[in-house]
Amino acid sequence: SDPTLARSTELKAAWYAGAHDLPLQQVLPRFFQQLATLLKVKRTIYFGASAGGFAALFYSHAHPLSLALVANPQVNLLNYLEGPIAQFRQHCFPQAADNAALASQVCVNIADLYAQSVPNFVCLLNATGDRYHLYNQTLELATRLKPDARNRVVMHNDYYGIPGHSGAIPMPVCVPWLKAAMFAPNLYADSLLTKLHQLRARVPAPTAPAPAAAKAT
């Protein structure tokens, strides 16, 4: 659904970051908040994986008290694979000669935002087998958080049998976290974890009824 991808079939990702003449990072935050107000939304959750995780982190940060639930997200595009970034510059910001010039026109490092403040809430899911995203992306955001912001951030790492990046966190893994975010009394870290634990707890199987006594004939 990222309109930026319509710029070229060569684009592998565009991070909902827009283009020089398509300022999504300025327009969409206002749109999302107005939409939530009109629909009387009680709790807003931005969900995304990989490049969508970058977008979810950015737009949730611009929407106070919302939640960013992200899986193996990209965080710092300046520290990402050069091929996709070069294509993004070429097709969306052609006047940007390099990544430094790109960074002057659009937010490319989510960690910079979260290092300043965390007005929202965050749940970071990482697959342990996706070491590239864990070490090169997620950990930069985590290590730059201020101590008083850590009660707004949950980090969870696990391995789901799929090495590497693509599909490493299956959707069924994300569903309990989404449910916890929907039904927890609030979105602070302890509340999310408590609700997740409750949802994961096994419900005892119902006891089978005793067989009826045979009738005398």
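In the predicted model, R144 and E140 form a salt bridge (a side-chain nitrogen of Lys or Arg within 4 Å of a carboxyl oxygen of Asp or Glu), with the closest N and O atoms 3.4 Å apart. E140 is partly exposed, at a relative accessible area of 21%; here buried denotes under 20% relative accessible area, exposed over 50%, and partly exposed the range in between, computed with a 1.4 Å probe on protein chains only. R144 is likewise partly exposed, with a value of 32%.

A salt bridge also links the side chains of R144 and D112, at an N to O distance of 2.8 Å. Because R144 lies in the loop between α6 (131-143) and β4 (153-158) while D112 belongs to helix α5 (residues 110-116), this pair ties together parts that are 32 residues apart in sequence. Helices (H or I, at least four residues) and strands (E, at least two) are DSSP runs numbered from the N terminus. D112 is partly exposed, with 33% relative accessibility. Through shared partners, salt bridges join D112, E140 and R144 into one network.

The structure contains 4 salt bridges. Among them is the pair E82 and R89, whose side chains meet at 3.2 Å, N to O. E82 is partly exposed, with a relative accessible area of 44%, whereas R89 is buried at 12%.

Residues are numbered from 1 along each chain as its sequence is written, and side-chain values use heavy atoms, with hydrogens and water left out. As the model is predicted, local features require pLDDT of at least 70 and side-chain atom pairs count only at pLDDT 80 or more, whereas totals for chains, interfaces and linings use all residues.
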